[in-house]
Amino acid sequence: MEEPKKKRGRPKKIDQVVNSPKHYLTGDVECIDAMVSVFGEEQVRIYAKINAFKYLWRAGKKDDENTDLAKSRWYLQRATGVDPRRSP
């Protein structure tokens, strides 16, 4: 059996990785907000549904399964018009 790859550095909390990753931020604008400005809310909701499916499909195959499931949940919420960054 193949041993899992070890990642360098300190582990990040799922919340940091899912809700507002720094690599999706340019200045004060997050990528998802720029997408809404460019493509409109309905198109971003469609994108979010597709992305949720992707994270469910690959859950546990690339990253930690719980992280993938949390990302899928984030996109499902976004697909229904709920902004998960502002939800409790």
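I looked up Ser-72 and found that, leaving aside its neighbours within four places in sequence, Ser-72 is in contact (heavy atoms within 4.5 Å) with Ala-52, Tyr-55 and Leu-56. Ser-72 lies in helix α4, helices being DSSP runs of H or I with at least four residues, numbered from the N terminus. Its relative accessible area is 1%, so Ser-72 is buried (under 20% relative accessible area, 1.4 Å probe, protein chains only).

I noted that this is a predicted model, in which local features need pLDDT of at least 70, side-chain atom pairs count only at pLDDT 80 or more, and totals for chains, interfaces and linings use all residues. Residues are numbered from 1 along each chain as its sequence is written, and side-chain values use heavy atoms, with hydrogens and water left out.

I checked confidence (pLDDT, the predictor's confidence in each residue, from 0 to 100). The chain averages 86, and 81% of the residues score at least 70. Helix α1 (residues 14-18) has the lowest mean, 71, and α3 the highest, 98.

The core has 11 residues, among them Val-18, Ile-32, Tyr-55 and Trp-74. Helices α2, α3 and α4 (65-79) each supply at least two of its residues. Apart from neighbours within four places in sequence, Trp-74 is in contact with Val-18, Asn-19, Ile-32, Pro-84 and Arg-85.

Last, I recorded which residues join α2 to α3: Ile-32, Met-35, Val-36 and Phe-39 in α2 meet Glu-41, Gln-43, Val-44 and Tyr-47 in α3.

Notes: Core = buried A, V, L, I, M, F, W, Y, C linked by side-chain atoms within 4.5 Å. Buried < 20%, exposed > 50% of the residue type's maximum accessible area, 1.4 Å probe, protein only.
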